[in-house]
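Here are my notes on this one, as numbered points. Have the model open while you read.

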Amino acid sequence: MEKQHHIHLVPGDVGETVFLPGDVSRAKVIADHFDSAEFVAQNRQYITYTGMYKNVKVSVTSTGIGGAAAAIAIEELIKVGAKNFIRIGTGGAMQTWLPRPCLLVITGAVRGDGTTREYFPPEYPAIADLDIVEAMLKSAEELNIRVHTGLECSHDAFYAGSTLSKLDILTIEKPWIDAGVLIASQEASTVLALSMARRCRGGVILASAGCHQHPDLSASDEEMVIAISNATKIALETAVKLNNLDHKN
Amino acid sequence: MNKEQHRQHHIDMVEGDTAPTVLITGDPGRVKVFADLMDESWKVAQKREYLTYTGKKDGVLISCTSTGIGPSSTAIGVEELIRIGTKNIIRIGTCGAIQSFLKPGEMIIATGAIRGDRASEEFISIDYPAIADYRIVRALIDACDRLKVPYHKGLIRTHDAFYMESPWAIGDYKARLQKWIDLDVLAIDNESSTIFVIAGMQGVRSGTVLLSGYPIFEEHNGDLNQEENIKKLVLVGIEAAKILHEKGLN
């Protein structure tokens with residue numbers, strides 16, 4: 001098979017579980033948590049490392065920002081053999097009661113993005129895979145890392161829906177805040193809905209430095225490095241559990 | 001404030017009338033099936049289509065409330081149950097199975113629902129996902145395993161107009177359903193997306209288990225054994241309620 005158009009990968013290049021950070025530089029950070037890792041390919045914002053963790057072949061592919069870019073990565077990764085997609089990312093929390101920083105295991109996503117609207121009618125729900133949610137919660141418990149579970153709100157325009165927006169975001173986000181949605185980010189609805197439709201597993205774990213109501217109270221960069229490292233540890237243990245579910249019975 | 005002032009307008013109940021887990025079903029007649037399957041049970045309230053029994057099974061307190069057909073009456077029932085302190089809402093219902101591999105007597109456990117209803121849109125925009133709480137999904141799976149009842153887990157579709165998407169519909173109902181079949185939707189019902197949205201927005205756990213029949217496009221003369229299968233459906237709901245109780249989710 002010719003290598004995929006954007007990710008430049010061929011079958012065999014990735015494990016069944018692929019971690020999907022948005023940030024290009026985070027691919028290396030995540031790969032550094034594997035027991036072993038090798039650089040596989042890079043084209044545009046798509047960098048892939050593959051390696052082993054506890055004898056399970058795992059990969060990380062950076063997607064760049066947004067649903068549009070994430071959907072390309074997922075479609076092409078499926079063609080080269082990926083089955084489980086775990087987004088490891090960051091976002092802006094929407095609930096003041098969350099700790100700063102916090103780690104969130106996402107159970108579903110508000111579909112405020114355009115990419116999934118092109119794929120699916122708006123009433124189609126973006127749901128995290130049950131196996132992934134349960135494996136993440138079990139892993140967090142085993143690692144003694146505190147996580148919260150709930151919904152993410154995915155959207156497309158960072159400068160409309162972030163603390164750096166010139167718009168009144170707390171008014172825009174009020175329906176989601178009132179409905180208990182935990183965090184705003186950009187890719188969960190794509191990762192979850194597209195994984196469902198392609199009969200793959202999709203999951204998301206997010207770290208947040210602080211909430212949109214109190215941007216001044218955000219956690220430090222150093223604290224966020226630890227939070228993302230913890231998210232990666234949970235994601236890796238999740239990959240092992242998924243491997244056990246699929247191959248050890 | 002006097003407890004009576006909190007008596008809910010339609011379900012005609014106050015806090016304490018129901019268990020932490022309430023099974024809800026469209027058909028008031030099915031509440032009686034529930035009542036008969038419990039070790040002991042008593043009628044709590046009846047008003048319009050809302051009939052409630054509470055009872056005990058293996059020492060666990062569980063309630064069952066009928067809501068009538070459709071999102072409008074279900075939205076009222078769910079909102080009022082939440083207002084009297086319900087923690088887990090599990091819909092036990094029937095449906096139109098739309099995947100050819102489904103068989104009568106199998107359970108369909110919903111992970112989420114296509115929001116084809118209009119009631120939930122009055123609460124929040126269509127972007128918000130109608131998803132079943134993962135702990136209820138797990139409880140329903142474990143309940144089916146314990147009772148050795150075959151099940152399928154996946155997406156369902158909720159809509160308002162029964163006579164648009166059922167075998168008795170006018171015109172080509174299969175053409176209307178084809179896009180949902182292609183998206184792996186297992187079955188069609190009239191209530192679940194409404195329940196998931198209203199409960200989800202308020203941090204209340206909800207889920208759905210549906211009894212499959214023959215796929216609705218297929219000609220068949222087989223015996224549905226519906227009465228026995230309805231009992232199995234209710235027993236799955238009761239077992240799931242017990243599991244939630246065992247896990248301290250109440």
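1. Starting with helix 4 of chain A: its buried residues are Ile132(A), Val133(A), Ala135(A), Met136(A), Ser139(A) and Ala140(A). They sit on the same side of the helix, because they cover an arc of only 165 degrees around the axis (the arc being that of the directions from the helix axis to the C-beta atoms). Turned away from that buried side are the exposed Glu141(A) and Glu142(A). Buried here is 20 or more other C-beta atoms within 10 Å of a residue's own, exposed is 12 or fewer, and partly exposed is in between, with C-beta atoms placed from the backbone.

2. A word on provenance: this is a predicted model, where local features need pLDDT of at least 70, side-chain atom pairs count only at pLDDT 80 or more, and totals for chains, interfaces and linings use all residues. Residues are numbered from 1 along each chain as its sequence is written, while chains are lettered from A and ligands numbered from 1 in the order in which they are written.

3. What do the buried residues of helix 4 of chain A pack against? In chain A, strand 5 (84–90), strand 7, strand 11 and helix 8 (221–247), together with helix 4 of chain B. Contact means C-beta atoms, placed from the backbone, within 7 Å. Helices (H or I, at least four residues) and strands (E, at least two) are DSSP runs, numbered from the N terminus.

4. Helix 4 of chain A (130–143) has 14 residues and reaches 20 Å from first C-alpha to last, close to the 20 Å expected at 1.5 Å a residue (1.5 Å times one less than the number of residues).

5. Now strand 7 of chain A (102–112), where 11 of 11 residues are buried. The strand pairs (at least two DSSP bridges) in the parallel sense with strand 9 (148–155) over 8 bridges, and in the antiparallel sense with strand 11 (201–208) over 5 bridges. Another 2 bridges join strand 7 of chain A to the antiparallel strand 8 (126–127). Look at Ala109(A): it stands opposite Glu152(A) in strand 9, and its bridge partner in strand 8 is Ala126(A).

6. On to the contact between the chains, which takes 19 residues from chain B and 20 residues from chain A. On the chain B side, strand 7 (107–116) and helix 4 (134–147) are the elements giving two or more residues. Strand 7 of chain B gives the most, with 6 residues.

Note on methods:
Contact = placed C-beta atoms within 7 Å.
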